[in-house]
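Subject: Structure handover

Hello,

Here is the structure I promised. Please look it over alongside the notes below.

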Amino acid sequence: MPKGSACDWDPAQYQRNAGFVPQLGEPLLRLLAPRAGERILDLGCGDGALTRHLIDAGCAVVGVDASAGMIAAARARGIDAHVMDGHALHFDAPFDAVFSNAALHWMTEPDAVLAGVHRALVPGGRFVGEFGGHGNVGRIVAALEHALECRGAATDCPWYFPTPADYRARLEAAGLVVDAIESFARPTPLPGDVGGWLQTFGKPYLSRLPAGRRNACVAELVDTLRGALCDEAGRWHADYVRLRFVAHRPAGG
Ligand code: BEZ
């Protein structure tokens with residue numbers, strides 16, 4: 001299985017439990033400021049819900065994702081989409097911009113990803129992205145790891161959540177110039193309880209348990225996390241921290 005696809009995705013389950021992901025990506029689209037005619041690579045395009053906005057803005061877009069299920073869903077939206085491991089991008093300077101929303105935390109070898117992004121950009125081309133920053137879903141991760149430890153399973157984190165300083169250093173080491181980088185808390189309303197989030201996104205952890213024990217573990221986690229993530233009106237939030245950046249490949253580099 002390629003890196004960056006610790007689980008293959010079920011597009012229907014994703015749309016049910018994670019429809020907020022493309023909706024909350026709209027500020028990032030504004031930061032990208034796509035112009036008609038630009039060639040854009042959407043790195044980790046998922047089912048293409050956000051990618052469509054780039055096409056509607058008149059851009060020539062290629063989407064890549066490690067999940068075959070998501071790529072099938074993106075193609076069904078009419079997107080030129082390909083199964084590709086983000087650690088092994090094989091494009092040679094055809095793109096005016098690389099865009100990535102809520103995907104880079106799945107790619108746990110960031111230097112390999114950034115080398116491919118640099119190669120994919122024309123000189124002067126920009127790289128605009130947002131993903132989980134340091135401390136992202138900290139309460140959920142702590143509860144998951146505690147639950148796994150109690151059951152004798154491995155507890156290592158499957159995601160990459162860097163600080164702005166760490167990611168800036170890697171962008172620069174890859175030959176990119178950082179125009180802006182920031183991290184901020186963004187408590188994110190969930191469509192149901194945290195169980196849906198865990199069943200959709202928590203698979204890299206939950207798959208360490210025998211299949212027959214996962215649902216009971218999720219039910220226990222919903223109880224554990226209720227006090228921290230559910231308000232008095234019964235509304236659940238995930239404790240997201242976003243790392244957002246704009247960088248570019250220098251004209252001569
Ligand atoms: C995120 O978007 O922050 C995220 C999604 C799934 C798993 C971990 C983090």
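Helix H1 (residues 11-18) and helix H9 (residues 194-201) cross at roughly 145°, and their axes come within 9 Å. Axes here are lines fitted to C-alpha atoms, for helices over the stretch in contact, and angles run from 0 to 180 degrees between N-to-C directions. Helices are DSSP runs of H or I with at least four residues, numbered from the N terminus. The H1 and H9 crossing is left-handed. Left-handed means that the near helix is turned anticlockwise from the far one by less than a right angle; clockwise is right-handed.

On the H1 side, the residues are Gln-13, Tyr-14, Asn-17 and Ala-18; they meet Gly-196, Gln-199, Thr-200 and Phe-201 in H9. Contact means heavy atoms within 4.5 Å. By class, three of these residues are nonpolar, five are polar and none is charged. Nonpolar covers Ala, Val, Leu, Ile, Met, Phe, Trp, Tyr, Cys and Pro; charged covers Asp, Glu, Lys and Arg; the others, Gly among them, are polar.

This is a predicted model: local features need pLDDT of at least 70, side-chain atom pairs count only at pLDDT 80 or more, and totals for chains, interfaces and linings use all residues. Residues are numbered from 1 along each chain as its sequence is written, and side-chain values use heavy atoms, with hydrogens and water left out.

Next, the ligand. Phe-201 of H9 is among the residues around the ligand, with His-105, Trp-106, Asn-136, Trp-159, Phe-161, Trp-197, Tyr-240 and Arg-242. The cut-off is a heavy atom within 4 Å. Two polar contacts (N or O pairs within 3.5 Å) follow. A polar side-chain atom of Asn-136 is 2.7 Å from a ligand oxygen. For Arg-242, a side-chain N or O atom lies 2.3 Å from an oxygen atom of the ligand.

Helix H7 (residues 138-150) and helix H11 (residues 211-229) also cross at roughly 145°, with axes that come within 10 Å. Their crossing is right-handed. Residues of H7 that take part include Ile-140, Ala-143 and Leu-144; H11 brings Leu-221, Thr-224 and Leu-225, among others. This contact has nine nonpolar, one polar and two charged residues.

Last, helix H6 (residues 110-120) packs with helix H8 (residues 164-173) at about 45°, their axes 9 Å apart. That makes H6 oblique to H8 (under 35 degrees is roughly parallel, over 145 roughly antiparallel, 65 to 115 roughly perpendicular, the rest oblique). The crossing of H6 and H8 is right-handed. Pro-110, Asp-111 and Leu-114 in H6 meet Tyr-167, Arg-170 and Leu-171 in H8. Four of these residues are nonpolar, none is polar and two are charged.

Best wishes

Key. Helix = DSSP H or I, 4+ residues; strand = E, 2+ residues; numbered from the N terminus. Polar contact = N/O pair within 3.5 Å; in protein donor to acceptor, adjacent residues only side chain to side chain.
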